[in-house]
Amino acid sequence: MLPEFELLMPRTLSEALEMLTQAREGVAPIAGGTNLVVDMRGGRHRPSVLVNVAGLEELRGIRRENGHVVIGATTTVAELLEEPLIAEAAPVLWSAARVFANPLVRNRATVGGNLADASPAADTAPPLLVLDAEVQLTSKEGSRWVPLDEFFLGVRQTLRQPDELLTAIRFPVPPSGAVGGFYKLGLRKADAISVASVAVVVEVGEDGTCRKARIAMGAVAPRPIRAYEAEKLLEGRVLTPELVAEAAHLCAEATSPIDDIRASAAYRKHVVEVLARRLLSEERR
Amino acid sequence: METKVVTLHINGRTHQIALPPNRTLLQTLRDLGYTDVKNGCEKGDCGACAVLLNGKPVNSCLVLAWQADGAEIVTNGGLGDQAHPHVIQEAFADAGAIQCGYCTPGMIVSTKALLDRNPHPTDEEIREAISGNLCRCTGYVKIVEAIKLAAERMAAAKEGR
């Protein structure tokens, strides 16, 4: 049984933003509900007012706009898989969507919700971090774009203010030479929460040097994180096996994992190094 | 809590029902007598409560009933009944894909969604499609066989064989 709450059903985005402003304390937006309903049932989250943003036309759709891919916040994870633009422009995000929860959850869970919930293990976060994504936060007063890397503050903490709604996600269309991959280690093939995950995108020039490297990791810190030191090491150099091994080690160094029911901190640190090395080796070509 | 009259089109029948905001679609369906929709984990992990919501398979335990206002819902029972079973239901019975039966309605709903968009799935695609449905009897081999049988029979019917 769910606890009692008030449920507001706006028909437009501006109505929703007005409701978020009015409600002040204990207000939470709800879309797919795949995290929120479970958290309310378990007593971990007790909002007194929910604003239903599922079905708001303004928050839907995936489009190409001014060199960016723009994803409406209530785009479901299943829709990421169905949209050719994602498979073509951002295979790293497509790969993460492929192993996200299970097919039933993917039909409800939204990209905006996955980010706003800010679980350290949110599976859309590492791929969006390596794509240099930004999130759009909108209130009655207006909109701001925030780099995703700055959006995450800690475990289930973000920059989003109570009167703001995460309305869209965007990232620059990667150049054609960019290659990447995502690997999620779970305790089973489907419907798993990440033990650790790694996303990688690298751009390698014709002379074989790495022009740009992005590496992000999930479930190994209080929030999804980038491996800045490893990225810096790779940029401007040829990705030799030795350099890749060194970068993978720096990835592990950047983590601060915890022991929990899924794995020990020591195992997470070890496995993240292995995953980073594998992904970077695959992209070496 | 304030109630709201919600309209649900379930298995071709229209219901109008006053509900408080904290009712899930799962509870609502069961209260209306659609007890083929099973209550399992209430976390979106087991798929026993799966229904087609506007054609897509979802966990009804995670949908607030108000969010489904105006939606078309199909449960396992809406696909066929004992007198006139659906091809998928018949295939599950013929292949012995049912042990305790608790996961079956959800499995059949996920199968319907799979075969609607992919009439000739590979074994891997079948396993992927039912990866949100848990069978605690662990009878997955026969469930996969049943889905292949259903696909064959549906293809044969389409070709008029």
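Student: Into which domains is chain B divided?

Tutor: Domain bounds come from an automatic or database domain assignment. Chain B has domain 1 (4-78) and domain 2 (79-158). Before going on, note that this is a predicted model, in which local features need pLDDT of at least 70 and side-chain atom pairs count only at pLDDT 80 or more, while totals for chains, interfaces and linings use all residues. Residues are numbered from 1 along each chain as its sequence is written, chains are lettered from A and ligands numbered from 1 in the order in which they are written, and side-chain values use heavy atoms, with hydrogens and water left out.

Student: How many residues does each domain of chain B bring to the contact?

Tutor: Contact means heavy atoms within 4.5 Å. Domain 1 of chain B brings 17 residues and domain 2 of chain B brings 13 residues. Their C-alpha centres are 21 Å apart.

Student: What area do domain 1 and domain 2 of chain B bury between them?

Tutor: Buried area is the accessible area (1.4 Å probe) that two parts lose on being put together, summed over both. For these two domains of chain B the value is about 1200 Å², with 59% of it on carbon and sulfur atoms. On the side of domain 1 of chain B, Lys38(B), Leu52(B) and Asn76(B) supply 37% of the area buried against domain 2 of chain B, more than any other three residues.

Student: How many salt bridges are there between domain 1 and domain 2 of chain B?

Tutor: A salt bridge is a side-chain nitrogen of Lys or Arg within 4 Å of a carboxyl oxygen of Asp or Glu. Between these two domains of chain B the count is zero. Across the interface of chain B and chain A, however, there are three salt bridges. One of the salt bridges in the model joins Glu42(B) to Arg41(A), with their closest N and O atoms 4.0 Å apart.

Student: Where does Glu42(B) lie?

Tutor: Helices (H or I, at least four residues) and strands (E, at least two) are DSSP runs, numbered from the N terminus. Glu42(B) is in the loop between α1 (25-31) and β3 (50-53) of chain B. Its phi is near 55°, a positive value in a residue other than glycine.

Student: What do chain B and chain A bury between them?

Tutor: The two chains bury about 2400 Å², 56% of it on carbon and sulfur atoms. Chain B gives 29 residues to the contact and chain A gives 30 residues.

Student: Into which domains is chain A divided?

Tutor: Chain A has domain 1 (6-52), domain 2 (57-172) and domain 3 (178-282). Taken over C-alpha atoms, the centres of domain 1 and domain 3 of chain A are separated by 35 Å.

Student: Which residues of helix α1 of chain A are buried?

Tutor: Buried means under 20% relative accessible area, exposed over 50%, and partly exposed in between (1.4 Å probe, protein chains only). An α-helix has 3.6 residues a turn, so residues three or four places apart point the same way. In α1 (residues 13-23) of chain A, the buried residues include Leu13(A), Ala16(A), Leu17(A), Met19(A) and Leu20(A). They cover an arc of only 160° around the axis, which puts them on the same side of α1(A). The arc is that of the directions from the helix axis to the C-beta atoms. Ser14(A) and Gln22(A), on the other side of α1(A), are exposed.

Student: What covers the buried residues of α1(A)?

Tutor: The cover includes β1 (6-8), β2 (27-30), β3 (49-52), β6 (134-139) and β10 (165-172) of chain A. After α1(A) comes Arg24(A), whose phi is positive, near 55°.
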